[in-house]
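Colleague: I am new to this one. Please show me the structure, and then let us go through it by question and answer.
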Amino acid sequence: MAELDIENHAELETWLRAHGHISSGANVRINVLPGGVSNKTVLVQFADGRQWVIKQALAKLRVKDDWYSDVRRIRIEASGLRFLARLAPPGTITPLVFESPQDNVLAMQAVPQPHQNLKAALLAGDCPRDSVLDFAKQLGRLLGTIQRNAQRDEVREAFADRSFFETLRLDPYYTTTALRAAEASEFYADLIRDTRATRSTLVHGDFSPKNVLIYDGTLILLDHEVIHFGDGAFDVGFALTHLLAKSLHIKQRRADYRDAAIAFWQSFTVEQSDADEVRCMRHTLGCSLARVLGKSPLEYLSEAERNAQQRAVLAMMKAMPGSIERLIHTFVELTS
């Protein structure tokens, strides 16, 4: 039997009816959602106002480099949706509608309109300073709350599989960057070893503004396919990387995005007071260099901006700042 292609509207509608997910008489409208790198994603809209987002994992990711990952990771995401609904602050996780492991498909409730993507809002550069700081604080609270609530055996057991983190993060980000920047190879060797040895809390693995929607002033977290029980400092570094890169790219908002990065960190530590700051700094530097030299470089940075970020990060790898806040200030100073 041919593999289901959810981007084929007629095929998907037939499949949904055959599996009892929509009734025979229901009218639906299906649209492909843009921007998917690791999944096919479509929006299904019902005449009664209901909306679902349906995802199907891709074996080969849509990037320039050859980058493959087991499509069974969609099952991890479905588990993530179930657990995060209990671990995260209310209203910040989209409810799971159904899962079809044999077709590597899941459906979740769509975030209602109007909503805005946090990455798009920050890159537009016109979001008021107070809103930027509020979103950064919410982002920190969201991550800190998840990590604090996830430190228990049932979560550890449910998310013990870290293979997708290896194929989607450690290999394309850290290992690839170590090969492309010889001066950072020792830094990455130590960071990879320590990351693999750490089991501290639940790690989202893709905690960035592109995976966050703003609805009615509240942030809603998406895309949980890399979720696992591991080194919580990775999520901190991953998020800070995106805030710092935007401070470099949106020059007229540099001070605001610098302060947003600080607000994120401060808000995170209110919820997760025992966070290892040194580990968070190391992952911030590791992710920041990886996002200009790894398999998934930040697409909005110019060549000059990527070079500036590379120089700043390599300098800090040689002389680590004394705190996260000092790292943030130093990054902005070195890239100005």
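Colleague: Which residue lies over the face of F46?

Modeller: This is a predicted model: local features need pLDDT of at least 70, side-chain atom pairs count only at pLDDT 80 or more, and totals for chains, interfaces and linings use all residues. Residues are numbered from 1 along each chain as its sequence is written, and side-chain values use heavy atoms, leaving out hydrogens and water. A charge sits over a ring if NZ of Lys or CZ of Arg is within 6 Å of the ring centre and within 35 degrees of the ring normal. At 4.0 Å from the ring centre of F46, the residue is R50.

Colleague: How far is R86 from the ring centre of F83?

Modeller: R86 lies over the face of F83. Its distance from the ring centre is 4.9 Å.

Colleague: How many aromatic pairs does the structure hold?

Modeller: Rings of Phe, Tyr and Trp (its six-membered ring) pair if their centres lie within 6.5 Å; planes under 30 degrees apart count as stacked, over 60 as edge-to-face and the rest as tilted. The number of aromatic pairs is 12.

Colleague: What is the angle between the planes of F264 and F268?

Modeller: F264 and F268 form an aromatic pair, 6.5 Å centre to centre. The pair is stacked, and the angle between the planes is 15 degrees.

Colleague: Which helix holds F264 and F268?

Modeller: Helices (H or I, at least four residues) and strands (E, at least two) are DSSP runs, numbered from the N terminus. F264 and F268 are 4 residues apart, so about one helical turn separates them. Their helix, residues 254-271, is α9.

Colleague: Is F268 buried or exposed?

Modeller: Buried means under 20% relative accessible area, exposed over 50%, partly exposed in between (1.4 Å probe, protein chains only). F264 has 0% and is buried. F268 has a relative accessible area of 1%, so F268 is buried.

Colleague: Where is P172 found?

Modeller: P172 counts as buried, at 0% relative accessibility. Its C-alpha atom is separated by 27 Å from that of F268, 96 residues apart along the chain. P172 sits within residues 163-180, in helix α6.

Colleague: How many salt bridges does a search of the whole structure find?

Modeller: A salt bridge is a side-chain nitrogen of Lys or Arg within 4 Å of a carboxyl oxygen of Asp or Glu. The search finds 24.

Colleague: How many residues apart are D259 and R129?

Modeller: The side chains of D259 and R129 meet in a salt bridge, 2.9 Å from N to O. D259 is in helix α9 and R129 in helix α4 (residues 129-149), so the pair links distant parts of the chain, 130 residues apart.

Colleague: Which residue forms a salt bridge with D231?

Modeller: The closest N and O atoms of this salt bridge are 2.4 Å apart. D231 is buried, with a relative accessible area of 3%. The partner of D231 is R279.
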